[in-house]
Amino acid sequence: MQLETFFPYQLAITAEAFSRQLVAVYGHAFGLTREEWRVLFLVDGAGEITSLDLARRSSLDKVQISRAAQRLEEKGLISRAVAGEDRRLRRYAMTAAGSATFAQALAQVRARADQVLAGLNASDRSALERGLKALREACAKVDATETGAPPAG
């Protein structure tokens, strides 16, 4: 079997190529790393979120979240505080500067994503969205089978 025809490889390469298009915007124009972008995106969407919830909702581990959050706090984009009695748990929220930066970056990231996706005709775009949804659901079923938990979503 050739690596180029192995589906997991094709998926990973395609996801990386699409991601690089977005990094070109939030990374170069706004100086954010992928981890910082993910944390900022999730904090913005939640309004306020704990480090535990960030770990659950992202593909980042606790160390990546902690380091990205520290850098975002140093940049003045989020605030970070101890959450309650458990001193290991942190609560994050957007600052005004973070909200403004995120809004600008998101508009440009959406424009870049739209630019890339405009290369697909409507039928291919619809098929891609259905295929991605089906793949996520299939992964959730396998995860549920292995853990004994009901599938998420």
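Of the contacts in the protein with a separation of 6 or more, 53% join residues 24 or more positions apart. The model is predicted. Buried residues account for 25% of the 153 residues. The C-alpha trace spans about 50 × 40 × 25 Å along its principal axes.

The protein contains 6 helices and 3 strands. Along the sequence they follow the pattern α-α-β-α-α-β-β-α-α.

The strands form an open sheet in the order E1-E3-E2, with antiparallel pairing. Strand E1 (48–50) and strand E2 (78–82) stand at the edges. Each has a single partner strand, so one side of each is left without a neighbour in the sheet. Neighbouring strands are turned by 25° against each other on average, direction ignored. Strands of a sheet pair through backbone hydrogen bonds, either parallel or antiparallel. Here, E2 pairs with strand E3 (residues 90–94) over 5 bridges, in the antiparallel sense. In this part of the sheet, Val-82 has Arg-90 of E3 as its bridge partner.

Helix H2 covers residues 34–46. At 1.5 Å a residue, its 13 residues should span 18 Å. The end C-alpha atoms lie 18 Å apart, which agrees with that expectation. Buried residues of H2 are Glu-36, Trp-37, Val-39, Leu-40, Leu-42 and Val-43. An α-helix has 3.6 residues a turn, so residues three or four places apart point the same way. Just after H2, Gly-47 adopts a positive phi of about 85°.

Note on methods. Residues are numbered from 1 along each chain as its sequence is written. This is a predicted model: local features need pLDDT of at least 70, side-chain atom pairs count only at pLDDT 80 or more; totals for chains, interfaces and linings use all residues. Side-chain values use heavy atoms; hydrogens and water are left out. Helices (H or I, at least four residues) and strands (E, at least two) are DSSP runs, numbered from the N terminus. The expected span of a helix is 1.5 Å times one less than its number of residues. Buried means under 20% relative accessible area, exposed over 50%, partly exposed in between (1.4 Å probe, protein chains only). Two strands pair if DSSP finds at least two bridges between them. Axes are lines fitted to C-alpha atoms, for helices over the stretch in contact, and angles run from 0 to 180 degrees between N-to-C directions. Contact means heavy atoms within 4.5 Å.
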